[in-house]
Structure formats: C-alpha cells, structure tokens
Amino acid sequence: MKEVEQASDVEMVERTRIKTHPALQPRDLALLKQRERVRQEDQSEMHIHDMALLLKADPKAELVPLHLADVGGELYVVDGHHRLQAYKRAKRDQVPARIKPMSMRQASHASKLANVTHTKLEMRAAQKRNALWHHLAAITHEGANPLPVGVSQRSLQGRFGGSLDTVQRMLKRLPHVIPDEYPPEHRDGITGWPHWRYVGATARNGLYQEMTPEARLQWAAHKYKGHLVKLWERTDPRAVMLAHEELKREAMDADEQALQTDLDAAHAVVMEEETLEF
C-alpha cells in the first residue's frame, strides 16, 4: 500500500496539536459539479476507512508522514488531511509528520503543489485547474511578472495536466483580475485570490460576447462535436447506427407532416378563393 511508510527521520506529533484550514485542502468540493462531489465524497470516505482499518489491524503500522506548516507555533496540515482522519478513527494519539516553518500564504501554495501529483486519491480536473491558477498567481505575483526563469508553459501543463491553451488563457487573464470584484466565498480563504471556476466563467462570458455570430456558431459546433465524440466512445457502434436510423425516420416523418400541413393550408386558401367567386 503506497500510503504506508516506515520512516525514521520524521517527528511524532500529538494529534490534538494539529489543525486544519479549509483553504489548505485543494480538493475543494465547491469547485466540482454535483455528481463529481458525490463521487469524491464516496472515494474520500473509502480511502479514510481503508487506512483506519490498516492502523487498527497493526499497531506498529504508520502511514506516510503528514506535511505540516509551522505558522508561528501553530501546526497546520499542508498534505495529509485524509491520513489525519484515519489516525483519529484509529484512536492514535501520535502522528508521524514532517514540519516546516512557513506563513499561511506559503502553506496555501504548498498545499496545492503537494496534492496535485498524488495518485492514490487523485484530484479532479477542475481542482487541478484551480491549483494551477493559484500557482500561477503565486509565481507571477498575480500577473505582475512573467513566468520565472526555468518555468515554461509546457512544464506547467505537464505538472498540472489540462491543455496548453488553458495555461495560456490563465496567463493572459491574470493581470486583469480584481479580487474584490468576487464575493468571499469565491476566493481562497487565505490569499483572497479568486478561484478559477469563477474567473474562468467571467472570462468565457466576455469572450463569447465578443465573438461574431459565425464564431459563436463554430464554437457551439466544436463543443457539440466534443460531446458526441465522448458519447460515441462509450456506446456500442451498433446502438449508434440504430439511433441514427431512427432519427432519420423521425426526420422524414416530421418532413412529411410539415408537407401535409403546407398542402392543407394551400387547399384551404384555394377553397376560400373559390367561395368568394360565388
């Protein structure tokens, strides 16, 4: 089990000393759609349950050490929220951890970097995009500076996933963001920087309004094609062909109905004209 580690260079910390902060948990459910929220909640619960069982079954077993931020003597979880819950359920008083002095702002940044590469309980795409967005804000001083030397758009794409286009759109958007224009619940609870879900939505809306009618149609067609491709990949090809045939028949029936309606209307006009002649 990848979460288990026998380490000798870590510090044992009283569990009750360790604090958590919502802004230090990058797997923020508010960033997800409802279906994804439910799925992640279920996965998190199962993950905690499995680790707690392991700890209960073997009193000598330890999980991967937590990463804690020492902020003026207060210890906050930077990485290991689920492991902390598992230790609590297993009624363990001592927790292995690595501690590093830092500010809350640094802890916020570190939490996003620490969690984005985990594979045991992987972050959702929307959460990774948000982590990338906050990382870009941190390393460019909220868009005031270019990317640091040695950091490329490609390397950011590789680290956080997503598309190169997303990285470019974020960099373009950074200098124009005014945090106070967003309500507190749409911003990071420590840095005050707005989350990409809300910044990206306003950016997309503005871009859409600036599009020509032809560009909007092309954009809608591209989006529709993407949905179709995803659907086709999950569907039996025979079912796809059957559905298309049914749609063709329905379209033909609709055309026939429309033609019959037009013929009836034309007939009514002719009959009215003949009546007037009498």
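Which element supplies the largest share of the lining of the second largest pocket? I looked it up, keeping in mind that this is a predicted model. The answer is α3, which gives five residues to that lining.

**Entry: the pocket.** I noted a volume of about 240 Å³ for the second largest pocket. I found 13 residues lining it, and R105, H134, A137, A138 and T191 are the ones nearest its centre. Two helices, α3 (104-116) and α4 (125-139), each bring at least two residues to the lining. I then sorted the lining of this pocket by class and got six polar, four charged and three nonpolar residues.

**Entry: the core.** Next I turned to the largest nonpolar core, which has 19 residues. Inside this core, L132, W133 and L136 have the most contacts. Two or more residues each come from α4, α5 (153-160), α6 (164-173) and α7 (196-210). The biggest contributor is α4, with six residues.

**Entry: W133.** What does W133 touch once its neighbours within four places in sequence are left aside? I listed M170, R173, L174 and V177, then W193, P194, H195, W196 and V199.

Notes: Residues numbered from 1 in each chain as written. Predicted model: local features only at pLDDT ≥ 70, side-chain atom pairs only at ≥ 80, totals over all residues. Heavy atoms only, no water. 1 Å grid on protein atoms, 1.4 Å probe; cavity = no way out; pocket = protein on both sides within 12 Å on 5 of 7 lines; lining within 4 Å. Points joined across faces, edges and corners; volume = space filled by probe spheres on them. Helix = DSSP H or I, 4+ residues; strand = E, 2+ residues; numbered from the N terminus. Nonpolar A, V, L, I, M, F, W, Y, C, P; charged D, E, K, R; others polar. Core = buried A, V, L, I, M, F, W, Y, C linked by side-chain atoms within 4.5 Å. Buried < 20%, exposed > 50% of the residue type's maximum accessible area, 1.4 Å probe, protein only. Contact = heavy atoms within 4.5 Å.
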